[in-house]
Structure formats: C-alpha cells, structure tokens
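Here is a friendly walk through the structure shown below.

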Amino acid sequence: MARSRAKTETLLGCYRILEITDEQGEYCGKRLADLGADVIKIENPQGSKTRFKGPFFHDQVDLEKSLNFLHYNTNKRSITLNLECRDGQELFKKLVKRADAVIESMPVGYLAALGLDYKSLSAVNPALVMTSISPFGQTGPHKNWEATDIVNMAMGGFMQSCGEPDGMPLRGGCEQSLQIGSQCAAIGTAAALYYKSMTGKGQYVDISIQECVLTYGHEQATAQSWAFHQNNVVRAGARTKWAFPYGLFPCKDGWAIIATVQASEWDQLSAWIHEVTGNAEVLDDVFKGTLFDRAPYVDILTVYLLEFSQKLTKDEFFLEGQKRKIPIMPVHSIEEAMNCPQLTEWGFFKNVSHPVVGDLKDTGNPDRYAEGNLDVWKAAPLLGQHNEEVYCSEIGLCKDDLAVLRSNGVI
Amino acid sequence: MKDTILKGIRVVELARFVAAPMCARILAALGAEVIKIETSKALDMQRLDADNTRDGYRWPDSAALKKSASLNLKHPEAIELMKKLLQISDVFIENMLPDGPSKLGLDYAEIRRNNPKLIIVRMPGLGLAGPYRDFVAYGLAVQALGGLDDTTGFPGSPIGPNFSYPDYISGAHAALSVIAALDYRRRTGRGQIIEAPLYMAMSSLLRSAPLEYSANKISVKGMGNRDRYMFPHNAYKCKGEDRWCVIAVRSDDEWKGLCKALGNPSWAKKPEYDTVLGRRNKIDEIDSHIQEWTSVRTAEDVVETLQKSGIPSGIVVKGSDMMSDPHLKERDYFKITTNHPRYGSHPNYSVPPILFSETPCLFGPAPKLGEHNDYVYGKLLGLSKAEIKSNTDAGIFA
C-alpha cells in the first residue's frame, strides 16, 4: 500500500488517502495533501458540490472556477465515482484495498446505508484508518442535526462571546468552524496513520465540529465559569473589561489592536501616550503592573487611550509601537493582508498555476520544514482529471472498461 | 488499558502562553511524555487564575498530563542540563523570538549534532525571517493582523473572537507538523527543524478570501451574521435574557420547510420569497418576521422545532447550556479534574476533541511547578539527591 510517488521523500508522501468530503472535510484533505500525502478526491460524476460554491473566478460560474474549490483542493487528485450504484461501490472497495485512509464528511449514516461504513471497509482492508467529520459527531442525540458554519459557531460557544455587549452574538469571518473541524481531523488522521505504520493496526476517528469549536474557545472558561459561579460569559465588545488595554482602538484611518500583557509594555505605552497627548495622569503608579492590575481603571484609561489612538494612523501606531516593544497591530483588510511585506518576504504565498483560471496567488502552508516539503505545489484538480491514471494504471482497468463505466454513469 | 499513539516519544516544552503549550498538550493526550520546563521567575500565565493568583482552573486545559521541571535558564548550569535533556528527547517545542535561543546559549546546530533525530519546533509570533520578525505578537493582535477581525462583525466595525483564537489554531497546526515530522523520521531516521509561526497559522485560515482577492480584487468584509449565498441566514433573538438562536436556509426546499415549521404564516406566502433571489431582495423584511416568531419562543423550542424539519439551526450556547447538554454528556466531552488544590472537582474541555476507536486520548492531572524534578533530574539525567538539593538551593531549579 505504502508507495513512493515522489522522487524525494515528503512528510506524508508514503500515504494514500481517499476523500469523500464536502466543505466540512475538504480542508482536512488539503492539510494532508499539502504535506505530501497522495489524496484522491472522489467526486460524483456531476462534480463535488463544493465546485458549485462561490465565489467564482471573474464571477464566471463554471465547475472549474469556484475559488472556494480551488483553495481547498490543492495538491489532490480527482476521480469521479458514483457511490450510489453497485459498480461504484465495488470500485470504491478496490480503491480502499490500496489506500491507507479514508476521510469523509457525508451525513451521518449515509455511507453505512451504502455498505461503505468503517465496519464494511475494514473488512476489505483491516489496517485502514477512517476519519469521519460531521457537525455533531457520529453518536449522541444530535448526531443527525443539520448544520452550517453559523450553527457550528453558535453551538460551539464561539458566538456567545463575540460581539458588542448590546448587540447580537456574531459568527467569525471565513467559516472558521469548517476549517478547525478539519484541522482536528487532519491531526487525528495523521496520528492514526503513524500508529498504523508502527503497529499495523487501523482505526476509526470521529470528529465533531461542535466539539472542535468548544475546545478552541476554552480560553473563555465558559463551562467552568458556569460550574463554579453560575456565571455565563457575556459579550465584551471590541475591548474587554477584564484587562487593559486589550482590544481594538480607532485610528485616523482604521483600527488597531493593542494587547499589552507585561508590565513593561504598559510602561512603554503610557510614556508614549504622555509624549503624544501631554496627559501626565496616565503615568500614575496606580496604573502600573499587569493587564489585570489596570482592570479597575478601564473607564478612565479608555478615555486616555481614545484621545491618543485617534491622533495616529494605524501604521504609525503599529510600527512605532512595535519599535517601543508594545504589542500593537493594525486591523488588516484581506487586501492589506495579501500585500503584507512580512508574509511576502517570509515566503507564505504560493503561486498556483491552473489550466483554466491561470496563475493565482494563494496562501501556502502555515509551517515550514527543514526537510520533507513538497517541491511542486499543484493546483486543484479538474473534475475527473486522474480517472485514467488511477483506474487504469493503478487498479488495472482497461480503457474500454472506463468507457462502459462512463456510459453507465458510474464514473 | 488501551494503547496510545505517541507512547515512548519524549517532548520537551520551553514555552509560555497558549500556542506552544497547546501543541504539547495535544501530543500529551496522544501519549507522549511531555516535560514542561518552567520557572517561578516567569510563570506561564496559563497557570494563573482569573484573579491572577496561582493554580487556576484553566491550567489542566493547558497542562494536563505534562510533567513539570523547574529550571531557571538564567544560570549557565541550567543551560547545560537543558542540552542534556534534549539529547535524550524526540521533540523540542519553544516559542521564543528569533534570536531567543542563541541569546540563551542554545545552539541548535550543536544540539542537532548531538541528537540528529531531534525534531525542533520553533513557534515565533511572526516568523524567523522578514521585516516584522522581532515584533511582539499575541494571539488577540494576530487575528487582527491576519485579516480575521476585518471579516468578522459589521462593515466598518471589525471585531474578533474575544480570546486568543490564533493561538489555538497555531498549536493545533504545530501538533500536526510534529506528527508529520515523526512519520518522516520513522522512514528516514532524520530529525529536523520546523518553523510554525502564529501569524502564518492565522493567515492560513481565511478560506477562499485570499484567492478572491488575487482573482477578482475583492477584499471580503464582515457582514454580521448574513451570508453571501444563503437567505435567510442570521442570529435571532429568543425569549429570555440574552437568548439567541441561529438559522441558515440553504435551498428553496429548506425555505419551504422553514415556512411549514413556522405554521405557514400569511406573511410568508409572497411568491417572491419562493426564490433565493427574491428572498435576497427582501432579506431585512424576512429577518424581522422570523424574529417575531423566535422572540416569543425559547431558543430550545425554536431549535427543536426547526431541526425536526431538517432546517440548520442552533442555540447560541452559554456555559449553562454546555454543562447540561445531553448530547455532549453522552459523548463524554467534558473531562472531570479531581483534586484540584483550589477547586476540587471541575470540568475541563477535551483537548484535542478527537475520538480514536483504538487509542483514546488521555486525560489526567496538571502538574505543580517542579513536581517532577526528581524524575527529570534524577531518573532521566542521573543527578544524585545531593546534586538536586544543591541546585535547588542555588536557585537553579526554581
């Protein structure tokens, strides 16, 4: 099963992973593929439903032009396969025999109804790792509940604390829940594959996106706050009340965020406020110390800070603040983030060359390895681009078989 | 007892705050032996309670299963012990600024020569290279720099999650990096250095927004709880104080289902609402009708009713909801710490929330500062009881 497709060894290059996912699981496959795994995306013959999700390249609605799809499917291969017919199921089992893992994010029970659940597949390949990603997990009273990102963010506790105190709870930007669910799934899959390589044993991995959101938000101690004090966390707005200064402040041309944690950072900041505004009260000893020490004085300090922050642009605030060792950062728009010199010079972006949409700049791996990086970064595959490669060269069908399968709607 | 995945892997963590300890915390749950090197001179804030005193109830979320060795690295002897420990370890995780290790006297070339199988994970805030490499960075600020805040909230008033969200992303990304590097080492016998900055971790979770900017020159902005493709899609006020639910309608069929669940009210009978473009044009009006319905019902009622009809919906949950949720209870999501010195028995989150059928994640107590000094310095590094005592007296183990 393990094979070496690439000439040079990559981090996860020894693994073949089959993916049956929608937007809930595609990022899991992407993480593993971007680390070198051979991820084969199994799409129904009409195309994965994420190919139909916007935004689209130049707003042209086309199977190959969903920017959503192009982002989430880098470095994968694509084959088409109709899992709802007998031929499709048999072919899938052949693929499973030669694979190390299956990742899926279909509705709970869907694969079982087709005879393609972990139990059936592990009978074909006992060392198989299978990872399921779903909004609420595979067990429990809510397992069949319907969800989208906003439901996950609400049920995961994220929204309760995000927003203004007198406003509605807010969902985060960029569908975070779908990405962090997949991130946990990628950890689980890679860890189970490592274990399989060490012991020969496969296993099943169950990921609940709700639980992932809960865990990522545990810093708020929402559960403990209730368990001990019968207190529920409330929305604190863009600036918190429990620590100071900690949050967003308006500048001449936008917003900046200040997160002073250490006592020395406040000493620097208060001296700077004094320099710019002439306000000497800000230097008072009573305000010195950690961010918690200043919490009782939030109201008056907020007045001082607002007077100060609006005298500067967000970049002056950021660059001069950092020179003074104060953790200040600008609120970047996506445009500013894409043009940020730090990301560019670090080498974060990848130029992806796609046969239909051409060359586009996208985000790359968040981490860099001294060894084992992918040497070629491939764009998302075209629909069924690797049918012949996989079905003929790798599982031994002949081209005539493909024509029959195609004509019968199997591939 | 069931097997664990990272049995026999020793991880040394030299880090404070959230991201790097989170990475090590995940590895500990997978069965690695994690040794946290810490000092009372600069305590990990994760230890602290909300009132800024020691031993907070969040500590197990960050440090469960870890072993704590106290070591003040300002002493040259401490650095020598650190190097010895790294010679017998598999993974080293730190979150210093780029020049931090060399300032301390940790020369990674030398450390790797002495242990070529070691995997070193460096987690600087903004990266080891580039114009901002030496900037001070915390999670809360990095989510603004990374573009998350501007895509959250309403147009013109960005807002972010009210916690260090990027730290959690970054810790999890780095845990995946470690597992991938261990797998690579399994095949090649080679350790390596990984760089996993907080900033890049955050910037990698913007889904198609970067591509949309490069392709269409559109900079996605926050739009409250509305969605670009689903109508209606929002948070709605329910009965009770600060009670909310969310509803998302993905198709015309779901719209019909929603109307039926609402009892086919007369306001919903407009033909223009039957199409998604029609609903998009009248979204404010539709939202206010839906809120009229939700505002006289409990969030629980709304969600039970809508989920029965297959409409994506959920309660904006609070701590009280989480602690009484039968679903989370059945899945055993909250882990109970017993014998906490201040709080006794209390709930903790599952870290990581991954259910393995054969190698379940571990959970256990979090260490007191220096609780494992005898194990680390005596058993692992071979110091005698007298040497441990003299190092303790000299303030090296402090």
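In chain A, a hairpin of 2 residues links β7(A) to β8(A). This is a predicted model, so do read each detail that follows as part of a prediction. If you want a pair to click on, A:L248 has A:I257 in β8(A) as its bridge partner. Strand β7 (residues 246-251) of chain A is mostly covered, with 5 of its 6 residues buried.

**The two chains side by side**

The table sets out the overall figures for each chain.

| Chain | Secondary structure | C-alpha span along principal axes | Buried residues |
|---|---|---|---|
| A | 16 helices, 12 strands | about 85 × 50 × 45 Å | 56% of 411 residues |
| B | 17 helices, 14 strands | about 85 × 50 × 40 Å | 54% of 398 residues |

Contacts across the sequence can be described for both chains, taking residues at least 6 apart. In chain A, 68% of such contacts join residues at least 24 apart, and in chain B the figure is 70%.

For chain A, the domain assignment gives domain 1 (16-216 + 347-407) and domain 2 (246-336). The centres of domain 1 of chain A and domain 2 of chain A, taken over C-alpha atoms, are separated by 43 Å.

**An enclosed helix in chain A**

Why can helix α8 (residues 209-216) of chain A be called largely enclosed by the rest of the structure? The reason is that 8 of its 8 residues are buried. Among these buried residues of α8(A) are A:Q210, A:E211 and A:T215, along with A:I209 and A:L214. Their surroundings come from both chains: the buried residues of α8(A) pack against β5 (129-134), α6 (149-155), α7 (176-199) and β6 (203-208) of chain A, and also against α7 of chain B.

**Where the chains meet**

The contact between the chains involves 126 residues of chain B and 126 residues of chain A. On the chain B side, α7(B) supplies the largest share, 18 residues. That side of chain B divides into 73 nonpolar, 35 polar and 18 charged residues.

Strand pairing also crosses from one chain to the other. β12(A) pairs with strand β8 (residues 192-195) of chain B in the antiparallel sense, over 2 bridges, and A:Y369 stands opposite B:I194 in β8(B).

This pairing belongs to an open sheet of 7 strands with mixed pairing, in the order β12(A)-β8(B)-β5(B)-β4(B)-β1(B)-β2(B)-β3(B). At its edges are β12 (368-369) of chain A and β3 (67-70) of chain B, each pairing on one side only. Further inside, strand β4 (residues 91-94) of chain B runs parallel to strand β5 (residues 119-122) of chain B, with 4 bridges between them. Here B:F92 stands opposite B:I120 in β5(B).

Helix α1 (residues 19-29) of chain B packs on this sheet, where it touches β1 (10-14), β2 (33-38), β4 and β5 of chain B. The direction of α1(B) makes about 160° with that of β1(B). Helix α16 (residues 373-380) of chain B lies across β2 and β3 of chain B, at about 75° to β3(B).

**The nonpolar core**

Which members of the largest nonpolar core touch the most other members? Of its 252 residues, they are B:C23, B:L27 and B:V121. Helix α7 (residues 165-188) of chain B gives the most to this core, with 13 residues. Leaving aside residues up to four places away in sequence, B:L27 touches B:L6, B:V11, B:A32, B:V34, B:A175 and B:V178.

Strand β10 (residues 244-248) of chain B pairs with β11(B) over 3 bridges in the antiparallel sense, and B:I247 has B:S313 in β11(B) as its bridge partner.

Conventions:
Residues numbered from 1 in each chain as written. Chains lettered and ligands numbered in written order. Predicted model: local features only at pLDDT ≥ 70, side-chain atom pairs only at ≥ 80, totals over all residues. Core = buried A, V, L, I, M, F, W, Y, C linked by C-beta atoms within 7 Å. Buried ≥ 20, exposed ≤ 12 C-beta atoms within 10 Å, placed from the backbone. Contact = placed C-beta atoms within 7 Å. Pairing = 2+ DSSP bridges. Axes fitted to C-alpha atoms, helices over the stretch in contact; angles between N-to-C directions. Nonpolar A, V, L, I, M, F, W, Y, C, P; charged D, E, K, R; others polar. Domains from an automatic or database assignment.
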